[in-house]
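Let's take a walk through this structure together. Have the sequence and the 3D view side by side as you read.

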Amino acid sequence: MTQEKWGQLRQRLLKTVGQNNYRTWIEPLEFETLQDGVAVFKVPTTFMGNYVNQNFSDLILYELSTSGETVQRVSFHVAANSTARPVEDRVAAPVKSSERPAPMETAETTSGLAEALQAAPLDSRFTFETFVVGKPNELAHAAARRVSEGGVVTFNPLVLYGGVGLGKTHLMHAIAWELRAQKPELNVLYLSAEQFMYRFVQALRERKMMDFKHLFRSVDVLMVDDVQFIAGKDSTQEEFFHTFNALVDQNKQIIISADRAPGEIKDLEDRVRSRLQCGLVVDLHPTDYELRLGILQSKLLQYSGSYPDLQVADGVLEFLAHRISTNVRVLEGALTRLFAFASLVGREIDMELTQDCLADVLRASERKISIEEIQRKVSDYYNIRFSDIIGPKRVRSYARPRQVAMYLCKNLTSRSLPEIGRRFGGRDHTTVMHGVRRIEELKVTDGQIAEDVEMLRRALEA
Ligand code: ADP
Ligand code: MG
């Protein structure tokens, strides 16, 4: 059979299976050979091979044989460079035309849905090689590495959480790439929670829940990104819950990301929440100076390929690492802009150029945390009145929050101890110093205090 003929057959399949199914399952098939009654197709993933084999191979066989080809069987194999492995073949008797299967319901094309149906593509830049490890993300990185080995499932699910632009999606893609390379036999499905919902809704609408369930229960590793998206969407949560349980029962690895801790996601069903908390929950902390500098240095290396003539003056990266916020996406954007600009004007990247080119970014991240903001956040957090934070009462229930607030003022603002004292109802600088020291000690001995301080710091820096 020629490629051209396969092209014609595909058009017939399109009519039978509908646009969505066609785009997702048929179009990516690459016809290879038809020999000794076996038609061989190349598929991008094992998962896809299995799915097409189970759901569409009869139909493909039928089209092949009614078009005059001598064929008994179709076979799919994964295009993994040299090692082509067959996906379990389906042997089928040639179908007589009178037994032609009833045409499947033709799905209407809603472009958004059609796209959502594809497994989300992986970003080729998001690998472990390009992920810079530092204190704020080392635990998350280590957990991701472990899961990417595809060995015995020890923690399920793995939940990665943290604010935007801290590398959750990057790590998930890195896991998927690694598994694809090391364990190509595993079906790895990565998608956003939003795509999960689209698929679910579409399956409901097209009465294809069996397919949906089958699809999700046949993966070996399921990754759902930004799971907070399904909070408040009741039936999607329910379906997610069942999918989740079915996979955990089969000891299949699940990896979830969220923009905050499962316990803090509003409108998440309790049973989903507690399921998420059963596994290993690790957070990506806001980046610190060292990590930002490391990321900038690594990006510089990557860029130097595309801009071989560019020079970066001493101190520029350090300056950026210092001045730009914790969000890595913003940091990367700034560097990209800087390089594009410098290469346009043909200048070395020095401090002057940096200030000119990034004036807006620098201004935006200049936001300073004020003493009053800290006092308000801390009083909200401990559920006491603002006036009690700065007031004279010395009972523990006010004194401790006050010390926490002093500690945060010392660490998050550039105010001096006497000035902080003045803003806490005219206290002496030694009182402030004592408060700061007390919290420093308690952070080591008292887990609750350590957690409070951390939460507050994060809320203030967000
Ligand atoms: P999130 O999903 O947490 O919002 P992303 O994974 O999309 O964040 O990361 C945002 C951008 O920052 C991406 O381009 C990613 O490659 C980059 N990035 C984040 N953390 C790191 C890191 N530790 N090393 C290198 N690049 C990083
Ligand atoms: Mg993300």
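How many bridges join strand β1 to β2, and do they run parallel or antiparallel? Five bridges join β1 (residues 30-35) to β2, and the two strands run antiparallel. Strands here are DSSP E runs of at least two residues, helices are H or I runs of at least four, and both are numbered from the N terminus; two strands pair if DSSP finds at least two bridges between them.

Before going further, a word on the source: this is a predicted model, in which local features need pLDDT of at least 70, side-chain atom pairs count only at pLDDT 80 or more, and totals for chains, interfaces and linings use all residues. Residues are numbered from 1 along each chain as its sequence is written, chains are lettered from A and ligands numbered from 1 in the order in which they are written, and side-chain values use heavy atoms, leaving out hydrogens and water.

Back to the hairpin that β1 and β2 form: two residues lie between the strands, and D36 in the turn has a positive phi of about 50°. Across the pair, F31 has F41 of β2 as its bridge partner.

On to β3 (residues 73-78), which runs parallel to β2 and is joined to it by six bridges. Here V40 is partnered with S75 in β3. Together with helix α3 (residues 46-66), β2 and β3 make a right-handed β-α-β unit; right-handed means that, with the strands pointing away from the viewer, the path from the first strand over the helix to the second runs clockwise.
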